[in-house]
Amino acid sequence: IDERYLEYAAHGGFNNQRRNLFHGLLMAHALNRVLLLPPALSHRAAPHYGQCPSHVAPPSAILERFEKAAVNAEKAASIKKPQDLPSASLQRLLNFTQVADLVAVADLGAVDTSSIASALVKYDCTNTIWTFASSNGGCRARDGWRARGACRCRDVSKTLGTVSQPLLRIGSTFKGFDTDPIRSTVWGARLQRATLTYTDPMLHVARHASSKFARNRNYVALHLRGGDGEFRRRFHQTVRNAFKELITSYLARRKKATAPEVLPVPLYVASDTSYRTSREFREGLARLAAVVRKEAGGASGEAITVSYLRKVVPDAQKAVVEASDTPQNGRLLAHAPDLDMHLDLLICAHALLGFGGTAGSSVSSSIRTLRKYHLSDERAVVNSLADH
């Protein structure tokens, strides 16, 4: 066999799977291996199985659980018989063409790994931190991760570069990675951006949706998470903080404007729970309206109009099918888990006038990162809905 592959196990919600992907891309680039892309998995299909520093399982068990979830995702996306199914990998959601010179990718479902000699990376993510660049100051993991006991820093190229087997299998790539030294490099930033670069059909649907309620991306957006766990318990505080962030963001943007604001200002709200009856939401909306009216020179009339996904895209699956190059490809993409969340993320990311999100939410974090990419240079925006 000519190709050398790298397989990793994804788990958690999609934005955690995105972190798995980023670390997988980094490892594949360092090792000059083809990264096998899994299908996008629903949150419940890919639980935090092997997340550090708790609930750690051996890499073999992590991979076994992941591969079963991947097979089930493939079957769920099947329009014809399962054996006729093209892989429903991340390549249907994300566009990797811009990093083809850095790393090669292939669909996990399109490669028969059972017939390939493989090596399993045996490491405990509670005592190992993977690195990609030499550093005299040691290494550390991001996101508050802490190892138990002595923690070894292992350079990916030096430790795994000599593996001769065509297939290298690794367990969770969620945490235990020191990426700070390479995040400022051009190639590291490009690989991170690839995990947030959506395919043309997704961009087309988001662009068309935003044009229904705003011109030239002149709108503000909120992302409010409160549907589960700790987010549900602190939803009221989430709404207050999100409006505070939004108003700050909006006013910072208005400092660059010379003309008075034009009323009404569209507000796009992405949320996984009911928010319209929330007292905090009504109060926040009133504060935002007062700020907008002041920026409009005290003009009267409606200050804010509220939109949400179902209002601008009544049938997301149908819209994705119509935007795809073929009906079959569209139907497979339409079966991607959390399709509404992806469209919400894109629409929020392109809100030119401001954004407010949920503290601790990986979706809000991804939106902020996308906004940095999209709004940093509005004359040459990668994946710009206005210019695409």
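The legends below accompany several close-up views of a predicted model.

**View 1. The chain as a whole, with its helices and strands.** The secondary structure of this predicted chain comes to 14 helices and 12 strands, and buried residues account for 52% of its 388 residues. Its accessible surface is about 17800 Å², with 49% of that area belonging to carbon and sulfur atoms. Of the contacts between residues at least 6 apart in sequence, 79% join residues that are at least 24 apart.

**View 2. The largest nonpolar core and the surroundings of Leu21.** This core holds 71 residues, and those with the most contacts inside it are Leu21, Leu93, Tyr198, Met202 and Tyr268. When residues up to four places away in sequence are not counted, Leu21 touches Tyr8, Leu35, Leu37, Leu90, Leu94, Phe96 and Thr195.

View 3. In soluble globular proteins, nonpolar side chains tend to be buried together.

**View 4. The crossing of helices α6 and α11.** Helix α6, which spans residues 200-211, and helix α11, which spans residues 316-323, have axes that come within 9 Å and cross at roughly 120°. The two helices are therefore oblique to each other, and α6 passes α11 in a right-handed crossing. The residues that meet here are Pro201, Met202, His204 and Val205 from α6 and Ala319, Val320 and Ala323 from α11. Met202, one of the α6 residues that meet α11, is also among the residues with the most contacts inside the largest nonpolar core.

Note on methods
Residues are numbered from 1 along each chain as its sequence is written. This is a predicted model: local features need pLDDT of at least 70, side-chain atom pairs count only at pLDDT 80 or more; totals for chains, interfaces and linings use all residues. Side-chain values use heavy atoms; hydrogens and water are left out. A nonpolar core is a set of buried Ala, Val, Leu, Ile, Met, Phe, Trp, Tyr and Cys residues joined through side-chain atoms within 4.5 Å. Buried means under 20% relative accessible area, exposed over 50%, partly exposed in between (1.4 Å probe, protein chains only). Contact means heavy atoms within 4.5 Å. Helices (H or I, at least four residues) and strands (E, at least two) are DSSP runs, numbered from the N terminus. Accessible areas come from the Shrake-Rupley method with a 1.4 Å probe; for residues, only the protein chains shown count as cover. Axes are lines fitted to C-alpha atoms, for helices over the stretch in contact, and angles run from 0 to 180 degrees between N-to-C directions. Angles under 35 degrees count as roughly parallel, over 145 as roughly antiparallel, 65 to 115 as roughly perpendicular and the rest as oblique. A crossing is left-handed if the near helix is turned anticlockwise from the far one by less than a right angle, and right-handed if clockwise.
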